[in-house]
Amino acid sequence: MAKIFYNSKIAKAFTFLKDFSTIMLFGAIFTEHASLSQKIKTHEATHVEQYQTCFTTGLAIAIGIMFICFAFNHYGWWMLALLTIPIFLYYVWYGIEFLIRLIAYRNADKAYRRIAFEQEAYSLENEYLKPCPERKLASSFSFLKYYGKKV
Ligand SMILES: [Zn+2]
């Protein structure tokens, strides 16, 4: 389970837009509340898994670019900036998908709920109610199957 920060000022700062109070940032969970329901913990744990997948993918891309740069003798400390790819890939993907869906639906709440990352988190958030062996969990690129899913 990921680290959870309760009574978090960071959560307050990041969730001012809507009536949200909990956010997953860089693999950890931040909430304004003093405690969290198992349902919300499960929802956020799905986002943590998605973040880790995007981080690993971004790291592979960054290392690929690094090798290409070395191959062409074009290197320097600026290459550390490549680290922003793994760190922010999830949020860039999330943000672009939100904007595309916002243009398509012209409804912010609908756009938010149809983001594949959110579809997966909402569809798995009640899995904790099932006995362990039957629980479905997010793993690796499992969020991709929500693209093209009829809702
Ligand atoms: Zn969510």
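Q: Which residues of H3 are buried?
A: In this predicted model, the buried residues of H3 are Pro86, Leu89, Tyr90, Tyr94, Glu97 and Arg101.

Q: And what covers them?
A: The cover over the buried residues of H3 includes strand E2 and helix H2, together with helix H4 (108-114) and helix H5 (116-124).

Q: How far apart are the end C-alpha atoms of H3, and what span should its 22 residues have?
A: Helix H3 covers residues 84-105, and at 1.5 Å a residue its 22 residues should span 32 Å, which agrees with the 30 Å between its end C-alpha atoms.

Q: Where does H3 bend?
A: The bend in H3 is at Tyr90 and amounts to about 35 degrees, and Tyr90 is also one of the buried residues of this helix.

Q: What comes after H3?
A: Arg106 follows H3, and the phi of Arg106 is positive, with a value near 55 degrees.

Q: Back to H5, how do the axes of H3 and H5 cross?
A: Two packed helices are described by the angle between their axes and the distance between the axes. For H3 and H5, the axes come within 9 Å and the crossing is at roughly 100 degrees. Angles of 65 to 115 degrees count as roughly perpendicular, and H3 and H5 are therefore described that way.

Q: Which residues make that contact?
A: On the H3 side the contact is made by Tyr90, Trp93, Tyr94, Glu97 and Arg101, while H5 contributes Ala116, Phe117, Glu118 and Gln119.

Q: Why is H5 said to be largely enclosed?
A: Seven of the nine residues of H5 are buried, so the rest of the structure largely encloses this helix. Those buried residues are Ala116, Phe117, Glu118, Gln119, Glu120, Ala121 and Leu124, and they pack against H2, H3 and H4.

Q: New topic, what is the strand order in the sheet?
A: The sheet is open and has three strands in the order E1-E3-E2, with mixed pairing. Strand E1 (4-5) and strand E2 (22-25) are at the edges with a single partner strand each, so one side of each has no neighbour in the sheet.

Q: How many bridges join E1 to E3, and do they run parallel or antiparallel?
A: Strand E1 is joined by two bridges to strand E3, residues 28-31, and the two strands run parallel. Phe5 has Phe30 in E3 as its bridge partner.

Q: Which helix packs on the sheet?
A: Helix H2, residues 38-71, packs there and touches E1, E2 and E3, and the direction of H2 makes about 20 degrees with that of E2.

Terms used. Residues numbered from 1 in each chain as written. Predicted model: local features only at pLDDT ≥ 70, side-chain atom pairs only at ≥ 80, totals over all residues. Heavy atoms only, no water. Pairing = 2+ DSSP bridges. Helix = DSSP H or I, 4+ residues; strand = E, 2+ residues; numbered from the N terminus. Contact = heavy atoms within 4.5 Å. Axes fitted to C-alpha atoms, helices over the stretch in contact; angles between N-to-C directions. Expected span 1.5 Å × (residues − 1). Bend = angle between axes of the 7 residues up to and from the residue. Buried < 20%, exposed > 50% of the residue type's maximum accessible area, 1.4 Å probe, protein only. Parallel < 35°, antiparallel > 145°, perpendicular 65-115°, else oblique.
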